[in-house]
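Hi,

Here is the structure I promised to pass on to you. Have a look at it first, and then read on for my notes on what turned up.

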Amino acid sequence: MKYYSTNRKAPEVTLEEAVLNGLAPDRGLYMPERIGRLPQSFFDGIAGMTFHEIASAVAREFFGDDIPAEVLDGIVADTLSFPVPVVKVDDSVYSLELFHGPTLAFKDVGARFMARLLRYFIGRNEGDSRTVHVLVATSGDTGSAVANGFLGVEGIKVHVLYPKGKVSPIQECQFTTLGRNITAIEVDGTFDDCQRMVKSAFMDRDLNGRMFLTSANSINVARFLPQAFYYFEAYARLRRMGIDGELVFSVPSGNFGNITAGLIAARMGLPVKRFIAANNANDVFLEYLRTGTYNPRPSIPTMANAMDVGDPSNFARILDMYSADHDRISSCISGVSYTDAHIASAMRDCYARTGYVLDPHGACGYRSLCGSLQSGEIGVFLETAHPAKFTDTVKTAIGIEPELPDRLKAFMSGTRHTVPMAPDSEALRAYLIEND
């Protein structure tokens, strides 16, 4: 399998090159040269398959040409050491709970897979003694998932850039208290500043000549493609529950890696009727759907902070998949946008009626399904993080403080270490050279 750049101005590369480089030389994002459809027999038997078996079948379509079957199978098994249950919340509305991994967020799947894949590639190149520097910008959960996925991996240093004061205290503790090969860089700016700094480092030829840089954001194919796994698992679980209907996925959307993975799952044959991109006040995608014009702008801080993205990187992949055809994109993805008041109201109403506790991101997905499902449709929203990661927000909305899992308590008891930095690409460059 070869991987091409969405900007179409760079040579095609191997999987290893795409993973190690992260971003293409022409600033495009890598995409697989083909997205194969799984056979009907796979879907006929999916209800009787384990999550590992389902994910392995999907992984082979992308990575099977480049990784020995037994190695890939082991990577998948090690990645998926936790369940992703489907829970009924309301009439025809189900939650796909993606917060049962080590850092209690959906990004555990992609981050763990990428860490193990990168470790395989590094181990295969025994003659290369260079340290791999992983750069990741985070608006919340990406940093903790990547940091914990790569913690202690020999030959890799992880640098997590995050906007000062714009992630929850628990999220911050999950990547600032680890130490070892993990460094947290506290940027006095927005997530978009962090993302811009990371991209600038990748495009700096002199810097890349000095050191080995790669990304663990969803711009990296090894981070976002494995997120397709749990869309198939959701379908399988619904089938086991005897639930049959036209499937609608509502995806809390920030950098759009998650929904892009869902679109790829549909391209592979997963029977999805439509997708909803559920946004907070950062609604550049909704504006695109309405006007046909993409107008990125600075992000706005909201209570659903992991979605505070004003220029989503993976929009380039969506454009690429649909040949930048606005009508085609609009035919399979709709968009909604919610204010903080809307989000809090959804959390409060859901808990009052059903007893289910939403996190602020899942609340966007839940609200978009309520009252919008058509006859015969089954709605699944992605509950992307454990509510306890947003204790103050949840308590304010529903009046009850969610119980803090032991894993989060352990993070909270650690000592916080950060590197303060201005929102300046030159500052990051100087830091990386000094700490190579």
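Let me start with Arg267: its charged end sits over the ring of Tyr322, 5.5 Å from the ring centre. Please keep in mind throughout that this is a predicted model.

Elsewhere, ring pairs join Phe256, Phe285, Tyr288, Tyr294 and Phe315 into a cluster.

You will find Ala324 in the loop between α14 (315–321) and α15 (326–332). Which residues does Ala324 touch, leaving aside its neighbours within four places in sequence? They are Tyr288 and Leu319. As for Ile54, it is 270 residues away from Ala324 in sequence, and the two C-alpha atoms are 31 Å apart in space.

Five strands make an open sheet with parallel pairing, in the order β8-β5-β6-β7-β13. At the edges are β8 (212–215) and β13 (419–421), each of which pairs on one side only. On average, neighbouring strands of this sheet are turned by 25° against each other, direction ignored. Helix α20 (residues 425–434) packs on the sheet and touches β5, β6 (156–163), β7 (182–187), β8 and β13. The direction of α20 makes about 150° with that of β13. Looking at one strand pair in detail, β5 (residues 132–137) and β8 run parallel and are joined by 4 bridges. His133 has Leu213 in β8 as its bridge partner.

Next come the charges. Side chains of opposite charge can pair when their charged atoms come close. In this model there are 20 salt bridges, and these are the ones I would show you:

- Glu186 and Arg416 form a salt bridge, with 2.9 Å between the closest N and O atoms. This pair links distant parts of the chain, 230 residues apart: Glu186 belongs to strand β7, while Arg416 is in the loop between α19 (406–412) and β13. Glu186 counts as buried at 12% relative accessibility, whereas Arg416 is partly exposed at 39%.
- Glu377 and Lys273 meet in a salt bridge of 2.8 Å, N to O. Glu377 is part of strand β12 (residues 377–383) and Lys273 part of strand β10 (residues 272–279), so the pair ties together parts that are 104 residues apart in sequence. Buried or partly exposed, what is Glu377? Glu377 is buried, because its relative accessibility is 2%. Lys273, at 34%, counts as partly exposed.
- Arg34 forms a salt bridge with Glu33, and their closest N and O atoms are 3.2 Å apart. Arg34 is partly exposed, with a relative accessible area of 41%, and Glu33 is partly exposed at 37%.
- Asp204, Asp206, Arg210 and Arg429 are linked in a network of salt bridges.

That is what I have for you.

Best wishes

Terms used. Residues are numbered from 1 along each chain as its sequence is written. This is a predicted model: local features need pLDDT of at least 70, side-chain atom pairs count only at pLDDT 80 or more; totals for chains, interfaces and linings use all residues. Side-chain values use heavy atoms; hydrogens and water are left out. Two strands pair if DSSP finds at least two bridges between them. Helices (H or I, at least four residues) and strands (E, at least two) are DSSP runs, numbered from the N terminus. Axes are lines fitted to C-alpha atoms, for helices over the stretch in contact, and angles run from 0 to 180 degrees between N-to-C directions. Contact means heavy atoms within 4.5 Å. A salt bridge is a side-chain nitrogen of Lys or Arg within 4 Å of a carboxyl oxygen of Asp or Glu. Buried means under 20% relative accessible area, exposed over 50%, partly exposed in between (1.4 Å probe, protein chains only). Rings of Phe, Tyr and Trp (its six-membered ring) pair if their centres lie within 6.5 Å; planes under 30 degrees apart count as stacked, over 60 as edge-to-face and the rest as tilted. A charge sits over a ring if NZ of Lys or CZ of Arg is within 6 Å of the ring centre and within 35 degrees of the ring normal.
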